[in-house]
Amino acid sequence: MGIKILQQSKSQKQKEEAYLLFAKAADMGNLKAMEKMADALLFGNFGLQNITAAIQLYESLAKEGSCKAQNALGFLSSYGIGMEYDQAKALIYYTFGSAGGSMMSQMILGYRYLSGINVLQNCEVALSHYKKVADYIADTLEKSEGVPVEKVRLTERAENLSSNSEILDWDRYQYYKFLAERGDVQIQKALYYFLKAAKAGSANAMAFIGKMYLEGNAAAPQNNATAFKYFSVAASKGNAIGLHGLGLLYFYGKGVPVNYAEALKYFQKAAEKGWPNAQFQLGFMYYSGSGIWKDYKLAFKYFYLASQSGQPLAIYYLAEMYATGRGVVRSCRTAAEKRLTFLKKRRCIQWHFSYGIELPFKDIHLARRLYDMAAQTSPDAHIPVFFALMKLETMYLLQDTLFFNQFTMRWKWLEMDTTIGPCWDLFVIGLIVAGLIFLLRNHHG
């Protein structure tokens with residue numbers, strides 16, 4: 001119940017209600033609720049941030065075998081947040097977390113072995129960690145439909161629409177396409193606009209209506225016959241999405257007998273029009289030998305073409321080919337990089353955090369520590385770090401001294417990241433120069 005309220009919450013009061021339910025469930029010993037409460041204490045999602053209490057809860061959860069808690073403790077140990085800075089202990093936590101099924105721990109270990117961070121650099125070990133995460137995500141994608149959901153810009157602008165564009169403007173079309181693919185609660189509205197566009201002659205809209213009926217949802221119950229009808233009309237207009245849809249129906253035998261020859265024909269037509277999902281399907285057919293002879297060179301060609309448009313499963317299979325040496329010269333480094341790209345495309349498990357590039361929350365104390373480390377590492381970093389710390393201390397001062405901190409969300413002028421952004425250093429230099437000029441004038445005066 002708490003998770004449902006949190007997902008649908010639109011106000012702070014609803015979020016508080018969700019966390020109160022988590023707290024009650026946690027008191028009753030529910031591990032999932034305890035994990036939620038530990039996260040809330042760490043990130044300050046509910047009430048005041050309390051890192052010490054969060055660590056105590058994580059440690060209790062870790063003893064119960066929670067892989068999420070193991071991963072969190074590894075992160076806190078690796079940066080010395082509320083705990084002793086201890087990379088060896090962090091590595092142990094990450095190892096136990098990955099053994100327990102934490103995809104995030106797998107990602108972090110993969111990156112550490114790939115880059116040699118506190119471990120001996122070992123591409124093969126890194127590749128094995130990345131493979132587990134990539135296999136998990138790829139399996140999820142393949143089970144969902146056989147084709148990943150991707151927000152790819154449509155191959156043509158809304159066709160045959162009247163000049164006044166009253167029926168469906170392009171931005172709205174793109175927006176509801178996105179909602180439809182993500183299964184948003186506004187799916188009914190998405191179908192409404194697609195039907196309007198289809199009546200106006202939009203082949204793209206027809207194709208996406210077919211896709212909705214193929215997948216099935218609250219607005220458009222799964223119906224292969226209806227999907228076939230809309231895909232066929234779109235395909236008759238030469239629409240790549242419709243052609244690809246027909247290929248899927250024949251490939252998986254949905255509403256029609258399995259016919260690999262027909263599937264191949266439609267995938268080829270859609271691929272020629274540059275549709276990446278069709279290019280991927282062609283690559284998969286040649287890679288797996290589904291209704292056609294295996295040809296790793298052709299598989300590589302189509303996977304590569306699809307990957308250039310960001311098709312995630314194409315990137316996944318390219319990584320497989322580089323990892324195993326099928327159709328290409330084996331390259332561990334290239335395979336690891338491809339798997340990283342695949343995971344980044346899926347934005348899984350807070351990608352930037354896992355990759356080690358970006359933290360999932362703002363922490364002033366940790367930022368200070370990292371800035372100090374940067375200054376100690378390189379003399380060239382002293383000046384940039386000086387300006388960065390000036391900004392940080394100013395923000396910290398405002399955060400700590402303004403007892404009316406709750407109003408800062410309304411006062412945008414206090415949000416320096418929003419107002420000044422990357423020009424903060426130039427702003428400070430300008431103030432220093434202005435101050436010096438003022439002092440010099442007073443001195444000479």
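How many of the 13 residues of α15 are buried? The count is twelve, so α15 is largely enclosed by the rest of the structure.

The model is predicted: local features need pLDDT of at least 70, side-chain atom pairs count only at pLDDT 80 or more, and totals for chains, interfaces and linings use all residues. Residues are numbered from 1 along each chain as its sequence is written, and side-chain values use heavy atoms, with hydrogens and water left out.

1. Helix α15. Buried here means under 20% relative accessible area, exposed means over 50%, and partly exposed is in between (1.4 Å probe, protein chains only). Helices (H or I, at least four residues) and strands (E, at least two) are DSSP runs, numbered from the N terminus. The buried set of α15 is Pro-276, Asn-277, Ala-278, Gln-279, Phe-280, Gln-281, Leu-282, Gly-283, Phe-284, Met-285, Tyr-286 and Tyr-287. Cover for these residues includes α13 (240-252), α14 (260-272), α16 (296-307) and α17 (312-324), with contact taken as heavy atoms within 4.5 Å.

2. Geometry of α15. The expected span of a helix is 1.5 Å times one less than its number of residues. For the 13 residues of α15 (residues 276-288) this gives 18 Å, and the end C-alpha atoms are 18 Å apart, which agrees. Gly-289 follows α15 and has a positive phi, near 75 degrees.

3. Disulfide. The criterion is a pair of cysteine sulfur atoms within 2.5 Å, and by this rule the count is one. The pair is Cys-123 and Cys-332, with sulfur atoms 2.1 Å apart. The link is left-handed, at -110 degrees about the S-S bond. Cys-123 lies in helix α8 (residues 123-144) and Cys-332 in helix α18 (residues 332-346), so the pair ties together parts that are 209 residues apart in sequence. Cys-123 is partly exposed at 21% relative accessibility, whereas Cys-332 is buried at 10%.

4. A salt bridge is a side-chain nitrogen of Lys or Arg within 4 Å of a carboxyl oxygen of Asp or Glu; a search of the whole structure finds seven. One of them joins Glu-124 to Arg-330, with the closest N and O atoms 3.0 Å apart. Glu-124 is in helix α8 and Arg-330 in the loop between α17 and α18, so this pair ties together parts that are 206 residues apart in sequence. Glu-124 is partly exposed at 40% relative accessible area, and Arg-330 is partly exposed at 42%.

5. A buried pair. Arg-339 and Glu-320 meet in a salt bridge at 2.3 Å, N to O. Arg-339 lies in helix α18 and Glu-320 in helix α17, so the pair ties together parts that are 19 residues apart in sequence. Arg-339 is buried at 1% relative accessible area, as is Glu-320 at 12%. Both belong to a network of salt bridges that also links Lys-131 and Asp-135.

6. A pair within α14. Lys-265 and Glu-262 form a salt bridge with closest N and O atoms 3.3 Å apart. Both lie in helix α14, three residues apart, about one turn of the helix. Lys-265 is partly exposed at 31%, and Glu-262 is partly exposed at 21%.
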